[in-house]
Amino acid sequence: DGYTDATAITIARSCDDPLAQMISQGMLCSYVLGVVLFQWVVLGCWAQSDKSHACLMKLVHMDALASCVTIPPESRTTWIAVSVARTLGEDIPQAVLQSLFILYVKKNVFMMLSVFVSVSTSVKAIYDATSRALKASGANSKAKQQKRNLRLLRAAGTGDKKTLKFVTRLLRDGADPHYARAEVTPLMMAIAAGDETVASALRQAGAQEPVMTPETDDMGEAFRTGNISDVVRHIASGADVNMRLTRGQGIKDSAEGRPLHATCALVNTEGAYEVALLLIRRKADLSAGDAEGDTPLAHARYCEAEELYGLLEGNGARIGGRYYSTGENLNVTGSPPANLSDSSFSSDSDEDEPDDDDDDAEECEEDEEEEEQENDDDDDTSKEDEEEEEEQEN
């Protein structure tokens with residue numbers, strides 16, 4: 001494209017026609033300012049910050065290769081600037097001026113080819129920018145939906161006083177009541193947590209009634225086969241959340257343990273965190289020891305289960321047992337511990353997108369403040385009424 005533009009300028013300057021000379025001057029100014037100075041110098045230096053080198057490829061017209069490279073989020077502005085500069089500073093001005101030469105001076109074949117190349121590259125640049133924007137928008141939308149669904153699943157199993165309000169807001173914002181993780185749905189979580197109000201809200205939102213009859217004989221067998229959904233069914237059926245499990249029944253590196261130990265060992269299994277939520281909701285013993293006396297929090301640290309570590313510690317669990325005999329309660333997550341409701345509502349962080357959890361928390365706090373204010377107003381009103389009655393009696 002740059003070669004054809006430069007050659008077109010030379011062709012126009014070789015004509016004695018005054019109009020051709022004027023057109024060549026315009027083409028030369030456009031080329032020097034729009035291509036050499038702005039693109040190759042200014043944007044060329046700016047493009048060095050793009051670690052993927054896609055912007056630099058775009059500048060030197062390696063469009064086919066650039067379209068195959070994933071652009072980092074921090075380089076999107078540079079990519080847009082390069083695309084706009086090429087379209088407005090080079091392709092459109094050159095195409096217009098060369099078309100004027102073809103129409104009013106001479107029908108030059110090479111000039112026609114140059115116009116075709118300029119228009120084609122502009123169309124290609126617009127197509128690339130649009131397709132990348134659509135893909136990015138779709139990916140962001142999908143990630144947000146996944147985040148809402150996961151929050152709904154975990155919130156349904158917490159059973160604290162804010163759960164219903166939070167679940168209702170998630171459903172209103174588009175969370176899918178049919179979402180399933182390891183075949184565990186939000187309605188299964190609510191039933192297993194014994195929260196009928198949340199279960200009713202999910203049913204009203206269209207959640208299908210799940211099969212709650214366990215397929216395995218007991219929770220130990222469900223852990224052994226890795227059937228997380230069946231573990232949830234056993235919890236819903238009233239299984240002992242502190243039952244003794246043996247090695248192979250989800251227990252790792254110990255002869256025996258409890259269900260919370262098993263969830264830590266299954267840290268890489270989908271649904272293990274949700275099972276831990278339900279076990280805590282059902283008052284599982286956070287200080288129960290395995291064969292060596294190590295607690296679930298010690299297992300979470302040993303298995304590097306960072307998310308489970310934060311959940312357990314936030315609910316009062318402590319490291320105990322022979323393996324960590326120092327008794328240090330180190331938080332492997334490197335972040336402040338969260339309580340049950342905070343942990344259940346949290347999800348993977350996304351640096352590129354603003355998180356709406358803060359807004360939800362603020363709204364909940366505002367609702368509570370309004371309720372407290374109403375209660376205070378009621379108290380004040382009742383006091384005033386009592387004072388009036390006393391005055392009337394006197």
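Start by selecting H261, which lies in helix α12 (residues 259–265); helices here are DSSP runs of H or I with at least four residues, strands are runs of E with at least two, and both are numbered from the N terminus. The model you have open is predicted, so local features need pLDDT of at least 70 and side-chain atom pairs count only at pLDDT 80 or more, while totals for chains, interfaces and linings use all residues. Residues are numbered from 1 along each chain as its sequence is written, and side-chain values use heavy atoms, with hydrogens and water left out.

With H261 still selected, note that H261 has a relative accessible area of 1% and is therefore buried, where buried means under 20% relative accessible area, exposed means over 50% and partly exposed means in between, with a 1.4 Å probe and protein chains only. Then show what surrounds H261: leaving aside neighbours within four places in sequence, H261 is in contact with G250, I251, A288, G289, D290, D294, T295, P296 and H299, contact being heavy atoms within 4.5 Å.

**The whole chain**

Now zoom out to the protein chain, which has 17 helices and 2 strands. Of its 394 residues, 44% are buried, and among its contacts with a separation of 6 or more, 63% are between residues 24 or more positions apart. The chain exposes about 20700 Å², of which carbon and sulfur atoms supply 52%; accessible areas come from the Shrake-Rupley method with a 1.4 Å probe, and for residues only the protein chains shown count as cover.

**Helices α1 and α2**

Next select residues 2–13 and residues 18–46, which are helix α1 and helix α2, and whose axes come within 8 Å and cross at roughly 150°. The axes are lines fitted to C-alpha atoms, for helices over the stretch in contact, and the angles run from 0 to 180 degrees between N-to-C directions. The two helices are therefore roughly antiparallel to each other, since angles over 145 degrees count as roughly antiparallel, under 35 as roughly parallel, 65 to 115 as roughly perpendicular and the rest as oblique.

To see the contact itself, display G2, D5, A6, A8, I9, A12 and R13 of α1 together with A20, Q21, S24, Q25, M27, L28 and Y31 of α2. By class, this contact of α1 with α2 has 8 nonpolar, 4 polar and 2 charged residues, with Ala, Val, Leu, Ile, Met, Phe, Trp, Tyr, Cys and Pro counted as nonpolar, Asp, Glu, Lys and Arg as charged, and the others, Gly among them, as polar.

**Two loop residues**

Move on to H53, in the loop between α2 and α3 (54–59), where phi is near 65°, a positive value in a residue other than glycine. Most residues other than glycine have a negative phi. H53 is partly exposed, with a relative accessible area of 44%.

Then go to E183, in the loop between α7 (163–172) and α8 (186–193), whose phi is also positive and near 65°. At 59% relative accessibility, E183 counts as exposed.

Select K147 in helix α6 (residues 109–155), which at 14% relative accessibility counts as buried.

Finish at R233 in helix α11 (residues 228–236), which counts as buried at 8% relative accessibility. Not counting residues up to four places away in sequence, R233 touches M188, V211, M212, T213, P214 and E215.
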